[in-house]
Amino acid sequence: VINGHKWFTSGAIGASVAIVMTVTDPEAQPHLRASMIIVPIDNPGLNIIRPVPVMGHTGGGGHCEIRYEDCRVPAANLLGPVGGGFMIAQARLGPGRIHHCMRAIGGAERALEMMCRRANGRIAFGEPLAKKQFVQDMVATSRMEIDQARLLCLYAAWKMDTVGKKEARQEISMIKVVAANVFMNVLDRAIQVHGALGVSDDTPLARMWRDGRMLRLADGPDEVHKQTIARRELARFAS
Ligand SMILES: Cc1cc2nc3c(=O)[nH]c(=O)nc-3n(C[C@H](O)[C@H](O)[C@H](O)COP(=O)(O)OP(=O)(O)OC[C@H]3O[C@@H](n4cnc5c(N)ncnc54)[C@H](O)[C@@H]3O)c2cc1C
């Protein structure tokens with residue numbers, strides 16, 4: 001029987017099941033306290049309160065607020081062992097995070113292309129924006145950041161494939177922070193080069209920014225990843 005209140009369950013609208021991670025043994029060691037349980041979306045006691053509006057929008061499957069109120073499911077719905085929730089989350093989060101990174105890099109690439117096309121086509125103060133050094137700096141910096149992020153992403157993926165997800169944790173955290181920030185940086189420059197058009201909804205840039213901003217939070221905020229990156233780095237030189 002599950003009782004709880006969860007904010008931000010992405011894609012709940014239209015889904016057939018929710019995977020609930022919930023504390024099943026509060027006395028166990030921290031990493032053995034939670035379990036994962038499959039709950040059909042129409043199960044009595046699973047109450048979708050609302051899709052939480054994100055930057056003014058509620059579309060798609062929503063980022064839903066859900067209340068679990070005496071939500072009873074069969075024991076067979078347990079995913080893996082009791083207390084195995086953290087372990088499953090860790091196994092899933094690595095590939096999930098790097099997938100977000102690949103999307104972010106693809107989005108940044110698109111934003112850079114739009115930035116360049118606009119810079120080449122828009123005449124301001126007697127010449128194309130592309131002739132202005134401030135704009136060239138934005139293009140060059142974006143190109144450098146994207147390629148650095150792509151190579152780090154490929155490196156993290158290669159490490160996952162060759163030595164395993166656990167051993168690649170540092171690189172996964174690193175690219176999680178880098179890709180989300182590069183995406184934001186490049187989008188911001190693309191918006192700047194587009195002028196007022198950039199913040200309008202007449203190009204995809206504003207929507208990309210709105211959708212992309214969550215990547216610095218979801219699957220762990222930048223600061224949490226940086227903290228673990230720093231801890232591992234410091235531990236290498238602790239003795
Ligand atoms: C659009 C969107 C969709 C989401 N979808 C899902 C989903 O489907 N399923 C799901 O389970 N979750 C989902 N989340 C939740 C997401 O994983 C959390 O928002 C994220 O883990 C951060 O937790 P929090 O919001 O409680 O922030 P908090 O933990 O309150 O942190 C707030 C801020 O405090 C700072 N901070 C926190 N910890 C530290 C630290 N250790 N050191 C320094 N600074 C720190 C950071 O700046 C952080 O951004 C989603 C979030 C968003 C925005």
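The legends below walk through several close-up views of one predicted model. In this predicted model, local features need pLDDT of at least 70 and side-chain atom pairs count only at pLDDT 80 or more, while totals for chains, interfaces and linings use all residues. Residues are numbered from 1 along each chain as its sequence is written, and side-chain values use heavy atoms, with hydrogens and water left out.

**View 1. Strands E1, E5 and E4 form an open antiparallel sheet.** Helices (H or I, at least four residues) and strands (E, at least two) are DSSP runs, numbered from the N terminus. The strand order here is E1-E5-E4, and two strands pair if DSSP finds at least two bridges between them. At the edges you will find strand E1 (2-10) and strand E4 (46-51), each pairing on one side only. On average, neighbouring strands of this sheet are turned by 15° against each other, direction ignored; axes are lines fitted to C-alpha atoms, for helices over the stretch in contact, and angles run from 0 to 180 degrees between N-to-C directions. E4 and strand E5 (residues 63-71) run antiparallel and are joined by five bridges. To find your way along this pair, look for Ile48, whose bridge partner in E5 is Ile66.

**View 2. Ala12 sits in the loop between E1 and strand E2 (17-23).** Is Ala12 buried or exposed? Its relative accessibility is 3%, so Ala12 counts as buried; buried means under 20% relative accessible area, exposed over 50%, and partly exposed in between (1.4 Å probe, protein chains only). Not counting residues up to four places away in sequence, Ala12 touches Ile41, Ile48, Gly61, Gly62, Cys64 and Ile66, where contact means heavy atoms within 4.5 Å. The C-alpha atoms of Ala12 and Glu65 are separated by 9.1 Å, with the two residues 53 apart along the chain.

**View 3. A second open sheet has the order E2-E3-E6.** Its three strands also pair in antiparallel fashion. E2 and strand E6 (78-79) each have a single partner strand, so one side of each is left without a neighbour in the sheet. H1 packs on this sheet and touches E2, E3 and E6, with its direction making about 75° with that of E3. Seven bridges join E2 to strand E3 (residues 34-40). Two handy landmarks are Thr22, which stands opposite Ser35 in E3, and Met21, which stands opposite Met36 in E3. Thr22 belongs to the covered face of E2 together with Ala18 and Val20, whereas Met21 lies on the uncovered face with Val17, Ile19 and Val23.

**View 4. His100 of helix H1 (residues 85-121) is in contact with Asp219.** At 16% relative accessibility, His100 counts as buried. Leaving aside neighbours within four places in sequence, His100 is in contact with Leu215 and Asp219. Asp219 is found in the loop between helix H5 (205-212) and H6, and it counts as buried at 18% relative accessibility. With neighbours within four places in sequence again left aside, Asp219 is in contact with Arg92, Leu93, Gly96, Arg97, His100, Lys176 and His225.

**View 5. The ligand is surrounded by 14 residues.** Which residues are the closest? They are Lys6, Phe8, Ser10, Glu223 and Gln227; a residue is near a molecule or strand if one of its heavy atoms lies within 4 Å of it. A nitrogen atom of the ligand lies 2.8 Å from an N or O atom in the side chain of Ser10. For Gln227, a polar side-chain atom lies 3.1 Å from a nitrogen atom of the ligand. Phe8 takes part through its backbone, with an N or O atom 3.2 Å from a ligand nitrogen atom. E1 and helix H6 (222-236) are the elements that give two or more residues to the shell around the ligand, and E1 gives the most, with four residues.

**View 6. Asp70 and Phe125 show positive phi values.** Most residues other than glycine have a negative phi. In Asp70, phi is near 45°; Asp70 is found in strand E5 and counts as exposed at 57% relative accessibility. Phe125 has a phi of about 55° and is found in the loop between strand E7 (123-124) and strand E8 (127-128). At 81% relative accessibility, Phe125 counts as exposed.

Definitions and conventions: A polar contact is a pair of N or O atoms within 3.5 Å; within protein, one must be able to donate a hydrogen and the other to accept it, and residues adjacent in sequence count only if both atoms are side-chain atoms.
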